[in-house]
Amino acid sequence: GRLVSGTVLTPSLGPAANIDLKWVNVGTSQRVFLSKTLTDALGHYATRVPSGTWNIDFRPAATTLFADAERLGLVVGASDISGLSDALRTGFVVTGVVRSKSGNVKLSNVDVSFYDDCTGRRIPTAHDNSDINGLVSVVVPAGVYTFTCDPPACAGYAAYRAAGVTITGATDMGTIALDAAILVSGIVLGPNALPDRGSKIASDG
């Protein structure tokens, strides 16, 4: 791979140490795990990256109050890339607790996401799974979002969705109660009878 190097900064443009770089291949939409993806004390990183087009999610440590930054569509080709500079975003802590609606069971490993209500795009958020007590704490930039909770498919609970969630400061989402559910699976085919990747599935209940 080619050497890709740069610097990650705090919102005030100081060096951002211990930032984890998450590399996602645009062609496959899959995360690829690479070596040397943490920034040093000066915010610097240098990582060997295979050729391709990449989205980079700059993920702050859980101990900070910074929101993720991202660089979209970085093309890695025949030459090394140096001198990249990206700044983390100012954010606010969003908390909550995820439990089952029946039995009040604490639900761990529930993935929470925020979709920008203007663009429809999911914003990157680090440390966004509930812990063993069902607690969620994630840093999110100011904005208006659709908030979702997605439990593991094997957990037996339905997803949760709330639109128009406004974040302008520290926000407590309270207790998020998930309904019991069963797993439904299948294959979506296009007009050519081939599997249709990326189809959105909606249900009315």
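C149 is buried, at a relative accessible area of 0%, where buried means under 20%, exposed over 50% and partly exposed in between (1.4 Å probe, protein chains only). C118, by contrast, counts as exposed, with 73% relative accessibility. The structure is a predicted model, in which local features need pLDDT of at least 70, side-chain atom pairs count only at pLDDT 80 or more, and totals for chains, interfaces and linings use all residues. Residues are numbered from 1 along each chain as its sequence is written, and side-chain values use heavy atoms, with hydrogens and water left out.

A search of the whole structure finds 0 disulfides, a disulfide being a pair of cysteine sulfur atoms within 2.5 Å. For C149, the nearest cysteine sulfur belongs to C154 and is 16 Å away.

Strands are DSSP runs (E, at least two residues), numbered from the N terminus, and two of them pair if DSSP finds at least two bridges between them. An open sheet of 3 strands has the order 4-1-8, with mixed pairing. Its edge strands, each pairing on one side only, are strand 4 (44-49) and strand 8 (81-87). Strand 1 (residues 2-9) runs parallel to strand 8 and is joined to it by 5 bridges. L9 has A87 of strand 8 as its bridge partner.

Strand 5 (52-59) is among the strands that each supply at least two residues of the lining of the second largest pocket. A pocket is an open set of points on a 1 Å grid over the protein atoms alone, where a 1.4 Å probe fits, with protein on both sides within 12 Å along at least five of seven lines; lining residues have an atom within 4 Å of a point. Strand 5 gives the most to this lining, with 4 residues. The lining comprises 20 residues, and K22, V24, E70, R121 and R122 lie nearest the centre of the pocket.
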